[in-house]
Amino acid sequence: MKLTEVIKNTIIQNQAPIGFDEFMELALYSPKLGYYRSGSEKFGEKGDFITAPETSDLFGFCLAKQCAQILDGNKSILEFGAGSGVLAAQVLFELGRLECLPRYYYILELSGELRHRQQQTIAKALPELLDRVVWLDQLPEGFNGVVIANEVLDAMPAKRLTQKEGKFHELCVGIVKGQLSWSLSDDAYQDANIKLPVNVNEGYTTETNPRAMAWIDSLSDALDEALVLLIDYGMHRDEYFHPQRLEGTLRCYYQHKASDNPFVHIGKQDITTSVNFSDIAEQAKLSGFKVAGYATQALFLMSLRIDEYLLAEQDEARRISLGQQIKQLVLPSAMGESFKVLALSKSSHVKLIGFKEQDLSHKL
């Protein structure tokens with residue numbers, strides 16, 4: 001059965017339109033059919049989008065430097081949704097060079113296809129370290145170390161809301177003339193835990209992500225002493241709810257082309273929403289975390305001296321290539337400004353080197 005039919009059947013069985021978060025869950029994570037559960041190429045030039053680790057090894061090398069500040073031989077790393085496994089290989093390689101390897105490198109990955117790809121990537125790059133890598137299908141208990149979530153929050157199923165007659169209503173997904181289509185709920189949206197913009201125009205659309213906030217809560221329960229690094233595209237609340245952001249932040253990616261239509265290429269395109277880092281930070285504090293830093297990706301990488309890798313390179317052709325990679329990671333017109341790094345700490349009080357040049361925590 002095609003994924004579109006699975007979604008339509010879900011709506012029919014529900015006898016009413018379903019929330020966009022439920023649609024997004026089905027489109028991305030349905031067993032064997034969802035975007036992240038199918039065997040299609042997703043990352044890199046042959047896929048639909050390029051992540052920072054796919055752009056340059058230097059991203060993972062810098063992240064390893066921040067991890068090294070926390071690791072002490074008995075602590076581990078836990079990465080969520082490790083994609084192709086490239087970031088894990090980068091981090092482990094650099095930690096090995098720094099003589100600061102984690103006890104274990106855990107990867108929590110629900111996709112069997114991606115798990116296989118990660119195993120292949122790490123086995124090819126670092127066969128001597130493969131026995132340190134452990135795949136999980138659920139959160140561990142009493143974890144100590146560093147948690148990495150690179151472009152994880154943006155893929156968590158979100159709700160879409162639209163302003164109508166002074167109140168926000170949920171934008172659901174229904175069936176119109178046999179086709180999947182937007183359907184506005186009659187009832188005003190209510191969630192005491194969610195802050196929404198006020199004094200916005202009729203039709204103003206935005207997103208909210210209760211699932212991401214619940215994930216933060218469950219993550220806190222699983223950790224004893226840990227640093228959590230959340231890297232994603234997003235912004236603080238005032239920017240997220242800017243009056244001119246009329247259509248929200250929903251984006252779909254198919255073969256490196258972006259659109260705002262989630263009803264095409266279902267199961268074959270990525271569906272994302274930007275992260276409201278203020279929501280995440282506030283939930284984190286309620287869950288027992290402390291905000292340990294918040295910066296643009298550019299200033300985070302500069303704090304970790306990404307330039308040192310360029311200065312150390314002797315080969316001119318390689319140096320030119322690294323220079324181009326760094327530009328992609330740090331320039332405002334590329335990933336540098338749109339991606340942010342939010343650090344959360346639990347029972348850890350280390351002043352993090354990654355936020356030496358910039359800490360925008362006061363804006364959250």
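Biologist: Which atom does the side chain of Q358 reach at 2.9 Å?

Modeller: The backbone nitrogen of T296. A polar contact is a pair of N or O atoms within 3.5 Å; within protein, one must be able to donate a hydrogen and the other to accept it, and residues adjacent in sequence count only if both atoms are side-chain atoms. At 2.9 Å, the pair sits within that 3.5 Å cut-off.

Biologist: Before we go on, what kind of model is this?

Modeller: It's a predicted model, where local features need pLDDT of at least 70 and side-chain atom pairs count only at pLDDT 80 or more, while totals for chains, interfaces and linings use all residues. Residues are numbered from 1 along each chain as its sequence is written, and side-chain values use heavy atoms, leaving out hydrogens and water.

Biologist: Okay, so why is Q358 called buried?

Modeller: Buried means under 20% relative accessible area, exposed is over 50%, and partly exposed is in between (1.4 Å probe, protein chains only). Q358 has 18%, so it counts as buried.

Biologist: And what is Q358 in contact with, leaving aside its neighbours within four places in sequence?

Modeller: Y294, A295, T296, L299 and S303. Contact here means heavy atoms within 4.5 Å.

Biologist: What makes L352 count as buried?

Modeller: Its relative accessibility is 7%, so L352 passes the same test. Setting aside neighbours within four places in sequence, L352 touches Q66, Q69, I70, L227, A292 and A343.

Biologist: How do you know that K75 is buried?

Modeller: Its relative accessible area is 13%, so K75 is buried as well. You'll find K75 in the loop between α4 (57-68) and β2 (76-80). Helices (H or I, at least four residues) and strands (E, at least two) are DSSP runs, numbered from the N terminus.

Biologist: Now the helices: why are α1 and α2 called roughly antiparallel?

Modeller: Angles under 35 degrees count as roughly parallel, over 145 as roughly antiparallel, 65 to 115 as roughly perpendicular and the rest as oblique. The axes of α1 (residues 3-14) and α2 (residues 20-29) cross at roughly 150°, so the pair is roughly antiparallel.

Biologist: Which residues meet there?

Modeller: From α1, L3, I7 and T10; from α2, E22, F23, L26 and A27. They divide into 5 nonpolar, 1 polar and 1 charged (Ala, Val, Leu, Ile, Met, Phe, Trp, Tyr, Cys and Pro count as nonpolar, Asp, Glu, Lys and Arg as charged, and the others, Gly among them, as polar).

Methods:
Axes are lines fitted to C-alpha atoms, for helices over the stretch in contact, and angles run from 0 to 180 degrees between N-to-C directions.
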